[in-house]
Amino acid sequence: LSMINSSETSDWQPVSDDLFTVINHAKKISAKTDGAFDITIGPLVNLWGFGPNNVRNKIPSADAIKLAKENTGFQKIFLDEAHKRILKSNANLYIDLSGIAKGFSMDKIALYLNKKGFKNYLIEVGGELLAKGVNADNKVWHIGIESPNSNDNTIEDIVQLNNMAMATSGDYKKYFEKDNIRYSHIIDPETGKPIKHKLVSVTVLDYSAMNADALATAFLVLGPEKTLLLAKKLKVPVYLIVKNENRFEKKYNDYFIPFISN
């Protein structure tokens, strides 16, 4: 991936089977979410100070945003499945898999554990989870959804996980404020700017951790209304926390109800 990102060519380049799988799935999620999930958004994230340079509290100009957007776009990535190759139509594209690679790694770990005959386990990578079977007390794994309303790890709800992955994406920990305006680290690929809606946390359940990981990011970009509509279409369990004035409101669809612990 580093070689592809540093390459200044628009020719076909070979990739490993695993890397091809992740990028191919990322493009599928991008298509399903109308571009809300985009693995090429790095230049915009960096421009707003949430990348490696970490220079925040500076609002980029409209021209700077427009220029950065020219070097983004998942549609500019082409894949050749037969030969496991990738092509960047824009040589300056930078692929960032932080929104999907954690989930992929958990699926790989689970596959390995299953082959070794393990019946009970809980896998955690970067806050994302995948559970199977029961815990040491012989009970189904119970996982808490953190409330964004405090700094003391207050739990909003508890979810029961068995043969299921859980991914949560939120914007309440990483942001900056300038002139009384809050700027989230979640960048909308369409506008090139931080999201402005009131959705602060999204939890997604799926049999595929890679799918849950990517969808959680995409849903946070889309906002509450679009998320609920798309999750219904995709038949994906989702749990949302929305900020309404000075309080938080939780919303979840019918697919999520069976997993909430009473």
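Asp 34 takes a positive phi of about 55° in this predicted model. The residue lies just after helix H2. H2 itself covers residues 17-32, 16 residues in total. From its first C-alpha to its last, H2 reaches 23 Å. That span is close to the 22 Å expected at 1.5 Å a residue.

Eight residues of H2 were examined for their cover. The buried residues of H2 are Leu 19, Phe 20, Val 22, Ile 23, His 25, Ala 26, Ile 29 and Ser 30. Their cover comes from several elements. It includes three helices, H1 (2-6), H5 (101-115) and H6 (209-222). Strand E2 (77-80) and strand E3 (85-88) are also among the covering elements.

An open sheet is formed by six strands. Their order is E4-E5-E8-E13-E14-E15, and the pairing is antiparallel. Strand E4 (121-125) and strand E15 (247-252) are the edge strands, and each pairs on one side only. From one strand to the next, the twist averages 15°.

Within this sheet, strand E5 (residues 128-132) and strand E8 (residues 164-170) run antiparallel. Three bridges join E5 to E8. Ala 131 stands opposite Met 164 in E8.

The whole protein has seven helices and 15 strands. Its radius of gyration is 19 Å, close to the 18 Å that the globule rule gives for 262 residues, so the protein is as compact as a globular protein of that length. The C-alpha trace spans about 55 × 50 × 30 Å along the principal axes.

Buried residues, those under 20% relative accessible area, make up 46% of the 262 residues. Among contacts with a separation of 6 or more, 59% come from residues 24 or more positions apart. The accessible surface of the protein comes to about 14,000 Å². Carbon and sulfur atoms account for 49% of that surface.

Methods. Residues numbered from 1 in each chain as written. Predicted model: local features only at pLDDT ≥ 70, side-chain atom pairs only at ≥ 80, totals over all residues. Heavy atoms only, no water. Helix = DSSP H or I, 4+ residues; strand = E, 2+ residues; numbered from the N terminus. Expected span 1.5 Å × (residues − 1). Buried < 20%, exposed > 50% of the residue type's maximum accessible area, 1.4 Å probe, protein only. Contact = heavy atoms within 4.5 Å. Pairing = 2+ DSSP bridges. Axes fitted to C-alpha atoms, helices over the stretch in contact; angles between N-to-C directions. Rg over C-alpha atoms; globule rule 2.2 N^0.38 Å. Areas by Shrake-Rupley, 256 points an atom, 1.4 Å probe, with all protein chains shown as cover.
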